[in-house]
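I opened the model to look up a few points and wrote them down as I went. The entries follow the display.

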Amino acid sequence: MARTDPMQTLRHDWSNPDRREWLGLILGPSAMLLLIWWLSGSLLMTLALFVGMLLLVAGSALVNRLLVRGKLASLGGAWRIALGSLQRRAAFNTLLIAAFGTGLLAMLAMVFARTALVDEWRMQLPEKAPNHFLLNIAPHDVPTMENMLAEGEVSSTEFYPMVRGRLVAINGVSIKEKKIVPAVFAGN
């Protein structure tokens, strides 16, 4: 603490991180990779993500260097101050750019995955598949509903009663004998 520059504390300057901060920078991604390995069960996927993270940080460092490498004297006003700040805290800004890039990458991946899944699901549906469903129609209300749909010229399928069921055996073996654990509790 005695070796810490007071201005560094006041400005909250992180350009020269000490051992504790480096430990956090190492432990955070390491814990994340261990968690990915544990959840995926694939060392190959974990290594691919690790290499991707390294490439992202290296790319962020390159972008950061290219941004601040230009001649600051030729710029005026706010740009000069902003790029000067980027130069003074280059290591921390590289991490910030990498974190921001990772966040954007995750959001874009979710958008593309969602879009691809919905499009693939829609292509698998038959041409005139029903997309509205009526539930909890009492048996005595079925004729009224059929008349209402016919008057509105709405094409519909048959009405099917919902029946409560209970699983009592699988392949002739009683459920009580099998001692089946629901997937929620089995960790699957």
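**Entry 1: helix α6**

Exposed means over 50% relative accessible area, buried under 20%, and partly exposed in between (1.4 Å probe, protein chains only). The model is a predicted one, in which local features need pLDDT of at least 70, side-chain atom pairs count only at pLDDT 80 or more, and totals for chains, interfaces and linings use all residues. Residues are numbered from 1 along each chain as its sequence is written, and side-chain values use heavy atoms, with hydrogens and water left out.

Which residues of α6 are buried? In this helix, residues 142–151, I noted V142, M145 and L149. They lie on the same side of α6 because they cover an arc of only 65 degrees around the axis; the arc is that of the directions from the helix axis to the C-beta atoms. An α-helix has 3.6 residues a turn, so residues three or four places apart point the same way.

**Entry 2: overall layout and confidence**

I counted 8 helices and 2 strands, in the order α-α-α-α-α-α-β-β-α-α along the sequence. Both are DSSP runs numbered from the N terminus: helices are H or I with at least four residues, strands are E with at least two. Of the 188 residues, 10% count as buried.

I then read the pLDDT, the predictor's confidence in each residue, from 0 to 100. The protein averages 77, and 80% of the residues score at least 70. Confidence is highest in α6, at 90, and lowest in helix α8 (residues 183–186), at a mean of 54. Where pLDDT is low, the predicted coordinates should not be read in detail.

I looked for a nonpolar patch on the surface and found L34, W37, L43 and L47, with about 410 Å² of accessible area together. Such a patch joins nonpolar side chains (Val, Leu, Ile, Met, Phe, Trp, Tyr) within 5 Å, from residues with over 30% relative accessible area and no salt bridge. A salt bridge is a side-chain nitrogen of Lys or Arg within 4 Å of a carboxyl oxygen of Asp or Glu. Areas come from the Shrake-Rupley method with a 1.4 Å probe, and for residues only the protein chains shown count as cover.

Helices α2 (19–40) and α3 (43–69) each supply at least two residues of the patch. L43, in α3, counts as partly exposed because its relative accessibility is 46%.

Is T46 buried or exposed? T46, also placed in α3, counts as buried because its relative accessibility is 7%. Leaving out residues up to four places away in sequence, T46 touches L33, I36, W37 and S40; contact means heavy atoms within 4.5 Å.

**Entry 3: positive phi values**

Most residues other than glycine have a negative phi, so I listed exceptions. N136 has a phi near 60 degrees, lies in the loop between α5 and α6, and is exposed at 78% relative accessibility. N171 has a positive phi of about 55 degrees and sits in the loop between β1 (169–170) and β2 (173–174). N171 is exposed, with a relative accessible area of 79%.

Definitions and conventions: Patch = residues over 30% accessible without salt bridge, like charges linked within 9 Å, V, L, I, M, F, W, Y side chains within 5 Å.
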